[in-house]
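Hi there,

Here is the structure I promised to pass on. Have a look at it first, and my notes on its charged side chains follow below.

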Amino acid sequence: MAGRVLNRRVLREQADQVKLSEAVAPNTAPVAVPPRAKAKAAPKARKPRAKKAPPRLRARWGVFDGTMKQVAIFDYNQRPAADEKLAGLLAVKKGLHFLQIVKDTMPEPALTEVE
């Protein structure tokens with residue numbers, strides 16, 4: 001709902017009356033002004049989160065069929081064995097088979113106690 005439109009002449013007359021009353025009675029006690037709200041404190045600086053180290057990855061050769069199902073996997077340095085497996089699958093089975101690099105996470109090394 002919209003508010004009522006104020007009559008500016010009435011407001012001006014009220015303001016003039018206040019000024020005249022202040023001028024007539026200058027020795028009256030000053031009106032207490034309410035204290036202003038406290039200023040907002042400066043925002044605290046946040047510590048940046050420690051960034052996690054990215055996981056260590058290793059590259060391996062994967063032999064896949066046409067449905068992207070992994071048939072075999074070989075270490076990166078065993079490319080000739082992966083090629084042999086691919087050639088065998090292409091010769092024996094119908095369908096599509098292909099070789100692709102697969103990157104997966106390395107297992108964490110086991111800690112050994114030194115005495």
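Let's start with one aspartate: the side chain of D65 makes a polar contact with the side chain of T67 at 3.0 Å (a pair of N or O atoms within 3.5 Å, one able to donate a hydrogen and the other to accept it; residues adjacent in sequence count only if both atoms are side-chain atoms). This is a predicted model, where local features need pLDDT of at least 70 and side-chain atom pairs pLDDT 80 or more, while totals for chains, interfaces and linings use all residues. Residues are numbered from 1 along each chain, and side-chain values use heavy atoms, without hydrogens and water.

D65 belongs to strand β1, residues 57-65 (strands are DSSP runs of E, at least two residues; helices are runs of H or I, at least four). D65 is buried and has no salt bridge, with K69, the nearest side chain of opposite charge, 6.0 Å away. Buried means under 20% relative accessible area, exposed over 50%, and partly exposed in between, using a 1.4 Å probe and protein chains only. A salt bridge needs a side-chain nitrogen of Lys or Arg within 4 Å of a carboxyl oxygen of Asp or Glu.

So where are the salt bridges? The structure holds 5. Among them is R60 with D75, at 3.5 Å. R60 lies in strand β1 and D75 in strand β2, so this pair ties together parts 15 residues apart in sequence. R60 is buried at 17%, whereas D75 is partly exposed at 35%.

Another joins R79 and D83 at 3.3 Å; both lie in helix α2, 4 residues apart.

Best wishes

Key
Lys, Arg positive; Asp, Glu negative; His and termini not counted.
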